[in-house]
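Please look through the sequence and the model shown here before reading on. The report then takes up a few of its parts in turn.

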Amino acid sequence: MRFSIRTFGCQMNVYDSDRIRDILLAAGHEPAAKPGEVGDLFVLNTCSVREKPRQKVLSAIAQARAANPRVIVVVAGCVAQLEPEALLDVGADVVVGPDRYPGLPELVGSARQEGPARLTGADEVPSFLMASPDTMSERGAVSCFVPIQKGCDNWCAFCVVPAARGREHTRPLGEILEEGRRFLDAGARELFLLGQNVNSVKLPGGFPGLLEAVAALPGVLRVRFTTSHPRDCSPELARAMGTLPAVMPWLHLPVQSGSDRILESMGRGYTRTHYLELIDTFRREVPGIAFTTDVIVGFPGETDADFEDTVELVSRVGFEGMYSFMYSPRPGTRAATYPDPVPGPVAAARLTRLQGLHEAQVPRLLARYVGETAEVLVEGASARESGHASGRNPQNVVVNFELPGKMEPAALRGALARVLVTEVRTHTLFGRLV
Ligand code: SAM
Ligand code: SF4
Ligand code: F3S
């Protein structure tokens, strides 16, 4: 069958969609001919972290059916794990949870012969998928995700991820390094380690030890990771980042709120003072570091004063990137039972104000790169500027740049280019090869 995959949600889902692709290719299916085509087998890899991405699943199923009434619709990911029956009711043919992807070809076969099929629930013996060397080499991405743990044991009051992804498990070190090697052999230059709380991996030497091992893999130019939880993020991590040249000076450190009262009721396990001290530690240990974050506004009980604490923290730290969301109640989470909901229009106004503040800050923050020669790991042609190349600086900011004469952007893919940054353009930088 010809298949296509549509992915919602976080980097873990992006990684999983690639492995679903490996599994379908190995079972003899072929990708749909054109991008955007649903094909005969349409896989939706779903996210339940907020209500909006969840709603998109329902409309995507209907669209796929409209495009090809005989299509087999597979729903994978977090919505599949959390509400399989509801998905079968709205017309999914196969519902498969994140721990069950190796069973997908069989489920598809049974759906074709016997009608709707589902396989969800956790692995009895937790196992991780592994990129297949047979199906990945043609892709040769410059930066590749490598999961180092799955699940989450934190149960933050707002979050559905522990219910969707199960208990936290650390991937065995040998598997992490093996998958890293496979990606590097296939042309990757950057390894991007993934977990919901990377600093709590259970490995000798902890997360800093893992960074050291990954940074020592032959051929790796850069190592990045996400997500760090402020409660578990340690000064040892800051020192490791400061001393391992391959580990890039960029930290995504979701704060969620700047108010101690709200952090407490979210169950995050740190205070704003602790968070700000961490920022200082990383600034001291990691020269030139950039920070990005996630913020939730309108959490139950959030007062104007709580929100002002968040505004103050965001303006004080100066995040070069920020994902901010209006709180979305998730069934089964503690916060869904909390009193004092913030009225929608109040939360929306707070979000607009916070985003406005951040948008105004970004060009000022990125101005620090103008005039410097940055090392840019080139990913290929720029999506925004035709004929230009694009990549990222060490701090993970996109840099688009001009090339001399008739040089093709593809020729630089995977290379470290030296680029003189001349301008800030919204959230990106612009420059020329030196
Ligand atoms: N493990 C990461 C951490 O602890 O920071 C976060 C993972 S979560 C998939 C990504 C982001 O989604 C969170 O940092 C949070 O800001 C946001 N998020 C999670 N649940 C949410 C909810 N119920 N409403 C709004 N935003 C939410
Ligand atoms: Fe969700 Fe908290 Fe786990 Fe992050 S640490 S995935 S926010 S429960
Ligand atoms: Fe990721 Fe969304 Fe699941 S953020 S872990 S795909 S709920």
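In which sense do S17 and strand S19 pair, and over how many bridges? S17 and strand S19 (residues 428-433) pair in the parallel sense, over 4 bridges, where two strands count as paired if DSSP finds at least two bridges between them. Strands here are DSSP runs (E, at least two residues), numbered from the N terminus.

## Basis of the report

This is a predicted model, in which local features need pLDDT of at least 70 and side-chain atom pairs count only at pLDDT 80 or more, while totals for chains, interfaces and linings use all residues. Residues are numbered from 1 along each chain as its sequence is written, chains are lettered from A and ligands numbered from 1 in the order in which they are written, and side-chain values use heavy atoms, with hydrogens and water left out.

## The closed barrel

The pairing of S17 with S19 belongs to a closed barrel of 5 strands, which runs S15-S16-S17-S19-S18 with mixed pairing. Its neighbouring strands are turned against each other by 50° on average, direction ignored, the angle being taken between lines fitted to C-alpha atoms.

Strand S15 (residues 373-381) pairs with strand S18 (residues 416-425) in the antiparallel sense over 5 bridges, and Thr373 has Leu420 of S18 as its bridge partner. S16 and strand S17 (residues 398-402) also run antiparallel, joined by 4 bridges, with Ser390 partnered by Asn400 in S17. These two strands form a hairpin with 5 residues between them, and Asn396 in the turn has a positive phi of about 75°. Asn400 also stands opposite Phe430 in S19.

## His388 in its loop

His388 lies in the loop between S15 and strand S16 (389-392). Because its relative accessibility is 17%, His388 counts as buried, a term for values under 20% with a 1.4 Å probe and protein chains only.

The side chain of His388 reaches the backbone oxygen of Ser386 at 3.0 Å. Leaving aside residues up to four places away in sequence, His388 touches Gly380, Ala381, Ser382, Phe401, Glu402, Pro409 and Phe430, contact meaning heavy atoms within 4.5 Å.

## The open sheet

A further sheet, open and of 3 strands, has the order S12-S13-S14 with parallel pairing. Its edge strands are strand S12 (250-252) and strand S14 (321-326), each of which pairs on one side only, and neighbouring strands of this sheet are turned by 10° against each other on average, direction ignored. Strand S13 (residues 290-297) is joined to S14 by 6 bridges, and Val297 stands opposite Met326 in S14.

Definitions and conventions: Axes fitted to C-alpha atoms, helices over the stretch in contact; angles between N-to-C directions. Buried < 20%, exposed > 50% of the residue type's maximum accessible area, 1.4 Å probe, protein only. Polar contact = N/O pair within 3.5 Å; in protein donor to acceptor, adjacent residues only side chain to side chain.
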